[in-house]
Amino acid sequence: AGVVDRQLLNQILAPNVGKLRNSDEQTVGYIALESGNELSDLREVVVTKVLDWDGKNLGALVLGFAVPNITRLDSEQKAALSAGIWLRDQLYLKGLNTPDRRVLAQQLSAVVPNEASGHFAVDLESGPHLLFFKAIDPDTQLSPAYEVCLYPLASALREQQALRWKILAFGLGVLFVGFAASLFISKGLSEPVNKIVAGSVE
């Protein structure tokens, strides 16, 4: 992750100092070291409280690791799953335009505080998507971070539409065959009846 300016690190961790002081355990979380919107702008940090022999708090050891950029699982497929992190009301996900990012931020801000995980459909400029989210570490003493996966629905909706048309065509075919069969059977049944009627008239 490289060496980080201590003043910058203190500034980033400042909102969580109270929680960290009350924690007796190691905590893992995410912090943003850059002002961008990609996973490379984040660091996964491990904060471990350091105590002396008498249990006096000496401070904390903070280790940071680069977050791998996993926004495209398969770059050759247009329907690849996009993955990122939602942290402090900001979405760190590569390849989104500004309007789509704004829509996702509004939706996540409304849903995430009430649920640790879930999914919802969202309409973006690039088409309809299904968004899945899950808290990475619900017990973290740092700002909660959520893994976000964005799955495009366009191809799935096309397949659904094609399947609907196939079912409709099959149903119409069965209806037509049934109608033709009923005409044939009714004609076959009507001939003996006509003969009986003709015989009774004579």
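A nonpolar core, as I use it here, is a set of buried Ala, Val, Leu, Ile, Met, Phe, Trp, Tyr and Cys residues joined through side-chain atoms within 4.5 Å. Buried means under 20% relative accessible area and exposed over 50%, with a 1.4 Å probe and protein chains only.

Note on the model: it is predicted, so I kept local features to pLDDT of at least 70 and side-chain atom pairs to pLDDT 80 or more, while totals for chains, interfaces and linings use all residues. Residues are numbered from 1 along each chain as its sequence is written, and side-chain values use heavy atoms, with hydrogens and water left out.

Core first. I looked up the largest nonpolar core and got 16 residues, with Leu91, Leu104, Leu108 and Leu131 having the most contacts inside it. α3 (98-111), β6 (117-124), β7 (127-135) and β8 (145-152) each supply at least two of its residues; helices (H or I, at least four residues) and strands (E, at least two) are DSSP runs, numbered from the N terminus.

Then Leu91. Leaving out residues up to four places away in sequence, I find that Leu91 touches Asn37, Ile85, Trp86, Leu96, Arg101, Leu104, Leu108 and Val148 (contact: heavy atoms within 4.5 Å).

Next, α1 (residues 6-13). Leu9, Ile12 and Leu13 are buried there.

Whole chain: I count 4 helices and 8 strands. Of 202 residues, 27% count as buried.
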